[in-house]
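Please keep the sequence and structure in view while reading.

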Amino acid sequence: MTYSVAVSGASGYAGGEILRLLADHPDIEIRTVTAHSNAGQPLIDHQPHLRSLAHLTLQDTTPEILAGHDIVFLALPHGQSGQYTDALGDTPLVIDAGADHRLTSADAWDAFYGGTFHEPWTYGVPELPVAGAKQREHLRGATRIAAPGCNASTVSLSLAPGVAAGVIDPGDIVSVLAVGPSGAGKSLKPNLLASEILGSANPYAVGGTHRHIPEIRQALAAASPSTGSGTQASSGPGTETASGSGTQASSGSETQRIGISFTPVLVPMSRGILATSSAPIVEGATDAQIRAAWQDAYADETFVHVLPEGRFPRTADVIGANTALIGLAIDRAANRVTVLAAVDNLVKGTAGAAIQSMNIALGLPETRALSVNGVAP
């Protein structure tokens, strides 16, 4: 079966990456691409690397144009997807690459985003450990998927195995991330100009203000063994809500247990995230138990690889790939575990996670149109 697809926000970085990956998907027909200010212009003018899609013209982003497809991807700024998802009730599968449907807590949305709160959808990080399972089990047959925030999924994948195994204390997490500016989108902003970025490292959203913090806390709370059998709530046509028997939102008390100091630093590389996260070791946890927590969690995963002891990832090794590389260090002097994770923020952090989740939801091979191989040099 071939599925017809519409991609909104197709002139941006996330939309362009979704299109790049879908262009090689044998089960997908990219039928419609939409934009706002760039509507009416050839897609190739804004995504000149997508030569196979040169025949497409950007159309207006309206519910009427997005409707009538088997699958709709929304790659819009945060707070803008909800106005369209409300009108796409007849679309079999909708995947939001923005934040509008990620959070289960209206209070967290109000505190970090503001504006209208929309119902949470199934979280699109298949490998994420949740209590007793993996998030992919909740993606099977899903009709509404919230693709993750790139920083949030990187930190969550880094630490969830330790939380799930009970070998680290999630109440004192420290994460510092080196991130490329493509995660901020294509909009012209003075702090993203080359003259401001080149030769400099620039911290931003310091002091607990970054919007991905509640998403990380939500994901790690769902990994806690005391959460039960559930994870982030799923909803939308054909799925069960948090109050149903399908998935279960992580409880407020569990979320409150997750304490994180999160500091992103903008560095002069167009793509990539290198997240350095640490947490205290739980009393009595041995080195062997700690390493086994991560190795066991990801042993059978195609796209998440735990490196051998003493090896640590580089962003250069994941560029263009749907791969997360993880290195683990046990610092007994500080009594902390340090986890380093590298991803391509536009692939594993966004578009790749969305398409991997789509494959699972449709019952297709999970790896279809996705590569573990990066581009070097």
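Valine 174 lies in strand S10; strands (E, at least two residues) and helices (H or I, at least four) are DSSP runs, numbered from the N terminus. The model is predicted, so local features need pLDDT of at least 70 and side-chain atom pairs count only at pLDDT 80 or more, while totals for chains, interfaces and linings use all residues. Residues are numbered from 1 along each chain as its sequence is written, and side-chain values use heavy atoms, with hydrogens and water left out.

At 32% relative accessibility, valine 174 is partly exposed; buried means under 20% relative accessible area, exposed over 50%, and partly exposed in between (1.4 Å probe, protein chains only). Not counting residues up to four places away in sequence, valine 174 touches Ser261, Thr276, Ser277, Ser278 and Arg336, where contact means heavy atoms within 4.5 Å. The C-alpha atoms of valine 174 and threonine 263 are 8.3 Å apart, with 89 residues separating the two in sequence.

Glycine 259 sits in the loop between helix H10 (252-257) and S12. Its relative accessible area of 23% makes glycine 259 partly exposed. Proline 170, 89 residues away along the chain, has its C-alpha atom 6.3 Å from that of glycine 259. Beyond four places in sequence, glycine 259 touches Pro170, Gly171, Asp172 and Ile173.

The open sheet has seven strands in the order S11-S12-S10-S13-S16-S15-S14, and its pairing is mixed. S11 (202-203) and S14 (304-306) stand at the edges with a single partner strand each, so one side of each has no neighbour in the sheet. Helix H9 (residues 213-223) packs on the sheet, touching S10 (173-179) and S12 (260-266). The direction of H9 makes about 130° with that of S12, with axes fitted as lines to C-alpha atoms, for helices over the stretch in contact, and angles running from 0 to 180 degrees between N-to-C directions. Of the 11 residues of H9, 10 are buried, including Ile213, Pro214 and Glu215.

Three pairings in the sheet are listed below; two strands pair if DSSP finds at least two bridges between them.

| Strands | Sense | Bridges | Residues standing opposite |
|---|---|---|---|
| S14 and S15 | parallel | three bridges | histidine 305 and leucine 325 |
| S13 and S16 | antiparallel | eight bridges | alanine 279 and valine 337 |
| S15 and S16 | antiparallel | seven bridges | leucine 328 and valine 339 |

S15 and S16 form a hairpin with four residues between them, and asparagine 335 in the turn has a positive phi of about 55°. Strand S16 (residues 336-343) is mostly covered, with seven of its eight residues buried.

Arginine 136 is found in helix H6 (residues 136-139). With 11% relative accessibility, arginine 136 counts as buried. Leaving aside neighbours within four places in sequence, its contacts are Pro126, Glu127, Glu301, Gln356, Ile360 and Glu366. The side chains of arginine 136 and glutamate 301 are joined by a polar contact of 2.8 Å (a pair of N or O atoms within 3.5 Å; within protein, one must be able to donate a hydrogen and the other to accept it, and residues adjacent in sequence count only if both atoms are side-chain atoms).
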